[in-house]
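I opened my notebook to get to know a new structure, one look-up at a time. Here is what I wrote down as I went.

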Amino acid sequence: MLLLQNYKVYSRETIKVSSQNVLQQASDVNAEPLCELTGILITPSTTDNILELNIRIIKEHVRTSGAVVFKGFNLDAALFEQFSNSLSNDFMNNMGSGSWRKTQNYSSDGTIQNVTYTYGIGHQRTFPLPLHADRAYVKSRPEVMFFMCERPAAEGGRTTVCDGIDAYKGFSKSTRELLDRKRLKYIRHYQDGEWQTLYQTHDFSLIEKYCADYDMLLDRLRDNSIRTEYVHTGVPLTKWQQTKSFCNSMQIGLWQEYVMGRKTTFVRFEDDSEIPEDVRQEIDEVTEKLTAEIPWEAGDIAIVDNTRMLHGRRSFTDENRSILVRMCRSVEW
Ligand SMILES: [Fe+2]
């Protein structure tokens, strides 16, 4: 229990001290900062079998640093599943998500998915993805994300991470106050044919139940398209520090509307006002300065606190890039 005493603290310095305490007691791994900005990198010391690592130390790194990358353990999809099973037994599928993912492990629980996004065009999209927390636009949001690199892109394509606690602290007082005062409204509008894919059902009553269960307003329009609204703070409290973090799907939603010109996702304040352009710019600038990259090699994995950290990806051209993801609804630690 000694290792757990510091996890409910949130200053950067205290987090570092807490992590260092853990490092001193970890004999079976080498642990060092992922970079100057954020995260922990773990490499083998006495064993390269990830299942033999001290699970208590790994949990503490996740709690204190928010992002833990493992290199040199040469995981495959089966080992990835086994290892993530050792940290939780509550995984979720992607029903109601804004993106389509191919399920990788049909033979077991079907919660390992490949983020290779080919839907509708038959080949992988390679554009960069802005920072976001997964599924922050719906109430069914995973607490922890597991990523595994099957094949890195030949160039680019790194997953990005940004500490939302640092981002919130880095904003101007007026932006912090605005985010404190006004919650975000995620408006999503899917055409007939689209929503059946994203909600993984043709049964509209199941979507009605889903939206009722997760506090979403649902409208079925005359053309059989559906429109949903979900309102939630853009600066929720983190699971382990219980402190405010800029951890939401604002930037990726705004990117879809303003950069990609899509008509499916809109992010507004709850009073339907737009996020002011200067605020959007400030948020992009501050978060970009705080963004670290995961230098993927095949067999690497990462564990990310989805209540605290934002993640995204850099652009790439190599369509063979393959990253697996497993969303953990909750953990009991
Ligand atoms: Fe994501």
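This is a predicted model: local features need pLDDT of at least 70, side-chain atom pairs count only at pLDDT 80 or more; totals for chains, interfaces and linings use all residues.

Entry one. I found 2 bridges joining β7 to β16 (residues 309-313), with the two strands antiparallel. I looked up Leu129 and saw that its bridge partner in β16 is Arg313.

Entry two. I found an open sheet of 4 strands with antiparallel pairing, in the order β7-β16-β9-β14. β7 (129-132) and β14 (291-294) are at the edges with a single partner strand each, so one side of each has no neighbour in the sheet. I noted a twist that averages 20 degrees from one strand to the next.

I then turned to another open sheet, whose 4 antiparallel strands follow the order β11-β12-β10-β13. Here β11 (217-220) and β13 (265-269) are the edge strands. Inside the sheet, I counted along β10 (residues 184-190) and β12 (residues 226-232), which pair antiparallel over 7 bridges. Lys185 has Val231 of β12 as its bridge partner. I also saw helix α7 (residues 204-213) packing on the sheet, where it touches β11 and β12. Helix α8 (residues 250-259) lies across β10 and β13.

Which residues touch the most other members of the largest nonpolar core? Among its 75 residues, I listed Val68, Val69, Phe146, Phe147 and Ala302. Strand β8 (residues 144-151) gives the most to this core, with 6 residues.

Conventions
Residues are numbered from 1 along each chain as its sequence is written. Two strands pair if DSSP finds at least two bridges between them. Axes are lines fitted to C-alpha atoms, for helices over the stretch in contact, and angles run from 0 to 180 degrees between N-to-C directions. A nonpolar core is a set of buried Ala, Val, Leu, Ile, Met, Phe, Trp, Tyr and Cys residues joined through C-beta atoms within 7 Å. A residue is buried if 20 or more other C-beta atoms lie within 10 Å of its own, exposed if 12 or fewer, and partly exposed in between; C-beta atoms are placed from the backbone. Two residues are in contact if their C-beta atoms, placed from the backbone, lie within 7 Å.
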